[in-house]
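I opened a notebook page for this model and went through it topic by topic. The entries below keep the order in which I looked things up.

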Amino acid sequence: MLSVKGRKLLVSFIKLLKTEMTRPEPWGIFHISWLVAAVLLAWALKRLKGEKVTERVFTIYGWTALILETLKQFSWSFTFTEAGGLVFGYQWYSAPFQICTTPAYVCVLYSFVKSSRLRSYLRAYLAYFTSIASIMVALVPNSVFTNEILINVHTSFLHIGALFVSVWLLESNRVDARQDFLGGYKVFFIFVGIAQLLNIVVYNAGWLNGQTFDMFYISPYFISSLPVFDTIDRNASFAVFMLTYLFAFFLGGGLIAFAQGARDRLSKHFKQKHV
């Protein structure tokens, strides 16, 4: 049990985390500022070469995202009663293992990985697969903005920051689709497996008390909330749903890899033409 002083400090800290602001509008000044900052930063860092640069960028993004995620989890786990009391209750639906949170884990893990091949697979995962989810949230953030400063900063840094990492990797030629695409998909497949294992274990452990727990939005116990996939989930077998999900990400990542290759071919063509 906390002392009276400790409880007062906790209440003050939670109130600070829950400091409010006007809820940002999609494509309003708050949203656009984050997008512009990400584009400018990716452009500014484009010409910096070497693994040390990659490690530094990943370390800064990864640890910052994890700190913000921890603060968010802490804030959302406490609510105030009408009488001003503080109640703890973990929000299982917001558990931090969605595809949009995996870039933070990958970026932190990256510095500890010594294998150059595995590093290339991790970069490919960030460039070709997490970018799909990041693009969707960064361009259509209707459901992620709230009236709390922390949550808005967290979701902007997490999603738009992850998109910056993906674009930066592609623009600075730190990924090679011909060599690394399938390796990146293997990393995605592993994360999908971990997410599904968590879905099964947490649901059957009886911890949810009526809450939703749907990591990667592929739980066999809840209808997916992803557009289009929710319809498939309702009307097809779970096996068909999962195969469609896996193929959709393979196709989406493939399109990004194809666009990267097309850009490189055009760039090479114009350089040769002006020699």
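What volume does the largest cavity have? I get about 50 Å³ for the largest cavity. I worked on a predicted model, where local features need pLDDT of at least 70, side-chain atom pairs count only at pLDDT 80 or more, and totals for chains, interfaces and linings use all residues. I number residues from 1 along each chain as its sequence is written, and side-chain values use heavy atoms, with hydrogens and water left out.

**Cavity**

I searched the whole structure and found one cavity of 30 Å³ or more. The search ran on a 1 Å grid over the protein atoms alone; a cavity is a set of points where a 1.4 Å probe fits but cannot get out, a pocket is an open set with protein on both sides within 12 Å along at least five of seven lines, and lining residues have an atom within 4 Å of a point. Grid points are joined across faces, edges and corners, and a volume is the space filled by probe spheres set on the points.

I listed the lining of the largest cavity as His31, Val137, Ala138, Pro141, Val144, Phe145, Thr155, Ser156, His159 and Ile160. Helix 6 and helix 7 are the elements that give two or more residues to this lining. Helices (H or I, at least four residues) are DSSP runs numbered from the N terminus. Helix 7 supplies the largest share, four residues.

I put the space in the largest pocket at about 1,100 Å³. Its lining has 40 residues, and the closest to the pocket centre are Val137, Ser143, Val144, His159 and Tyr217. Helix 3 (51-76), helix 6, helix 7 (149-171) and helix 10 (238-273) each give at least two residues to the lining of the largest pocket. I sorted this lining into 26 nonpolar, 11 polar and three charged residues.

**Helix 6**

How many residues of helix 6 are buried? I count seven of the 10 in helix 6 (residues 130-139). Buried means under 20% relative accessible area, exposed over 50%, and partly exposed in between (1.4 Å probe, protein chains only). The buried residues of helix 6 are Thr130, Ser131, Ile132, Ala133, Ser134, Val137 and Ala138.

**Core**

The largest nonpolar core has 74 residues, of which Phe58, Tyr125, Tyr128, Trp168, Phe188, Phe216 and Tyr245 touch the most other members. Helix 7 gives the most to this core, with 11 residues.

For Trp168 I listed contacts (heavy atoms within 4.5 Å). Leaving aside neighbours within four places in sequence, Trp168 is in contact with Ala42, Leu45, Lys46, Val53, Thr54, Val57, Phe58 and Arg174.

**Positive phi**

Most residues other than glycine have a negative phi. Trp27, not a glycine, has a positive phi of about 65°. Trp27 is in the loop between helix 1 (4-17) and helix 2 (29-44), and is partly exposed at 46% relative accessible area. Phe216, also not a glycine, has a positive phi of about 60°. Phe216 is in the loop between helix 8 (177-205) and helix 9 (229-235), and is buried at 1%.

**Cysteines**

My search of the whole structure finds zero disulfides. Cys100 is buried, with a relative accessible area of 12%, and Cys107 is buried at 1%.

Ala177 is in helix 8. I noted that Ala177 and Gly253 are 76 residues apart in sequence and 9.7 Å apart in space, C-alpha to C-alpha. Leaving aside neighbours within four places in sequence, Ala177 is in contact with Tyr128, Ala257 and Gln260.

Phe250 is in helix 10 and is partly exposed at 32% relative accessible area. Not counting residues up to four places away in sequence, Phe250 touches Phe129, Phe181, Leu182 and Tyr185.

Conventions
Ala, Val, Leu, Ile, Met, Phe, Trp, Tyr, Cys and Pro count as nonpolar, Asp, Glu, Lys and Arg as charged, and the others, Gly among them, as polar. A disulfide is a pair of cysteine sulfur atoms within 2.5 Å. A nonpolar core is a set of buried Ala, Val, Leu, Ile, Met, Phe, Trp, Tyr and Cys residues joined through side-chain atoms within 4.5 Å.
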